[in-house]
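Keep the sequence and the 3D view open while reading.

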Amino acid sequence: MHKHHNALGLATTISDAAVSFERGYDIAKHGPVQPVTLIRPHAASRAARFFVEKFPGRSMYAVKANPSPELLQILWDSGITHYDVASLNEVRLVARTLPEATLCFMHPVKAEEAIAQAYFEHNVRTFSLDSIEELEKIERATRGAEDLTLCVRLRVSSEHSKLSLASKFGAAPGETKELLFRTRQVADALGICFHVGSQAMTPEAYSNAMERVRAAIVDAAVTVDVIDVGGGFPSSYPGMEPPPLEHYFETIHRAFESLPVSYSAELWAEPGRALCAEYSSIIVRVEKRRGDELYINDGAYGALFDAAHIGWRFPVELLREPESRAKDVAFSFYGPTCDDLDHMVGPFYLPADVKAGDYIEIGMLGAYGSAMRTAFNGFGSDETIVVTDEPMVSLYERADRQVASNVVKL
Ligand SMILES: *Cc1c(COP(=O)(O)O)cnc(C)c1O
């Protein structure tokens, strides 16, 4: 066992020996009183290799989805060399964890001091912006640097995504011409970026956005060196099962090939969720049952922020030996804190005989879930165990098996 600190400065214990029981974690043996986080390095590594091998351009990891240093290291070891950071603390974290990584500061509204420190102390050369004010900030903060890659963020529709990113950032159609023109004069390389919203359920989200990009390029008549399609690549959740990621990659590739950009133009993406959703899950204990409501020991202020605040659904599984034979019915969850807000409406389908003392695994919490935990009201736990079993759902397992069977055939 060794102690280390995660991005928030909380001490976390990771057991060196992977616990490799059939289910990955032996409930009967541990009987955990606090929620336990299970991490699956192989799942994150597989997702990263998938993007590195199949995305027809460069994949950089959006650090906000899960800033844990272990995960950053796994992604680096799996071929992810570029990191999308949004704050000076993320810049420092990645610079410290992966000194050779390339950092791209992709938050379109930054403190001037943060831009200066990123540029002069951490060698950051790529920045995004969505206004003339931000362009002027970047010019001042870098003292007129001539080695910048500047990506103009366009506002695009979030209509195909489960989580909108359409209102806050992005230049509107009437503003892009002048902004692209002025940015072209400052930038060594000019990029255009956007974000279609998180968990985009169809590749069309990207082809529609690429049409916006085309119109903007034609309108401004500038040479563009980078097209960055942002994040939004989906993962799989109950009721939100997306088409295969290859379809997204093909759609993006086709749209990119037909854009009026320079011959050497690069295609980038900034996946967050898709690289780390499968990386972790939690095990919670049922402390009380009231009809179809289960009181569990993690919630809105723990890893289940999205389940509480935006009604996100996650896969669940009752961990009981022998297995329950009752049929599945819909439950909602209450978390451990003392307020009504700590409520996850679900529905979460579990065997009808769930009772206090049972353990439940809640899957697909590697993206955003783990990153948003707090210690509010004295709840929450840092116990983390490395396991080697499969995540409850995977977009990549099948692709992996296909590769394996191809190898056998050869
Ligand atoms: C949040 C964010 C991402 C990652 O989005 P996902 O939906 O998790 O893939 C990428 N780029 C930017 C600029 C973001 O704000």
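Which residue meets Arg290 in a salt bridge? In this predicted model, the partner of Arg290 is Glu293, with 2.8 Å from N to O. Glu293 counts as buried, because its relative accessibility of 16% falls under the 20% limit. Arg290 is partly exposed, at 43%.

**Salt bridges**

Side chains of opposite charge can pair when their charged atoms come close. A search of the whole structure finds 19 salt bridges.

| Lys54 | Glu246 | 3.5 Å |

Lys54 belongs to helix 2 (residues 41-54) and Glu246 to helix 9 (residues 245-257), so the pair ties together parts that are 192 residues apart in sequence. Lys54 is partly exposed, with a relative accessible area of 35%. Glu246 is also partly exposed, at 22%.

Arg214 and Glu211 both lie in helix 8, where they are three residues apart, about one turn of the helix. Arg214 has a relative accessible area of 25% and is partly exposed. Glu211 is partly exposed too, at 46%.

Salt bridges also link Arg320, Asp353, Lys355 and Asp358 in a network.

**Helix 6 and helix 7**

Helix 6 covers residues 132-141 and helix 7 covers residues 173-186; their axes come within 10 Å and cross at roughly 10°. Angles under 35 degrees count as roughly parallel, and helix 6 and helix 7 are therefore roughly parallel to each other.

Which residues of helix 6 meet helix 7? They are Ile132, Leu135, Glu136 and Glu139, and on the side of helix 7 the contact is made by Glu178, Leu179, Arg182, Thr183 and Val186. By class, this contact of helix 6 with helix 7 has four nonpolar, one polar and four charged residues.

Helix 7 has 14 residues and reaches 21 Å from its first C-alpha to its last, which is close to the 20 Å expected at 1.5 Å a residue. Its buried residues are Thr176, Leu179, Leu180, Thr183 and Val186. The buried residues of helix 7 pack against helix 6 and helix 8 (204-220), as well as strand 7 (126-129), strand 8 (149-153) and strand 10 (189-193).

Technical notes:
Residues numbered from 1 in each chain as written. Predicted model: local features only at pLDDT ≥ 70, side-chain atom pairs only at ≥ 80, totals over all residues. Heavy atoms only, no water. Axes fitted to C-alpha atoms, helices over the stretch in contact; angles between N-to-C directions. Helix = DSSP H or I, 4+ residues; strand = E, 2+ residues; numbered from the N terminus. Parallel < 35°, antiparallel > 145°, perpendicular 65-115°, else oblique. Contact = heavy atoms within 4.5 Å. Nonpolar A, V, L, I, M, F, W, Y, C, P; charged D, E, K, R; others polar. Expected span 1.5 Å × (residues − 1). Buried < 20%, exposed > 50% of the residue type's maximum accessible area, 1.4 Å probe, protein only. Salt bridge = Lys/Arg side-chain N within 4 Å of Asp/Glu carboxyl O.
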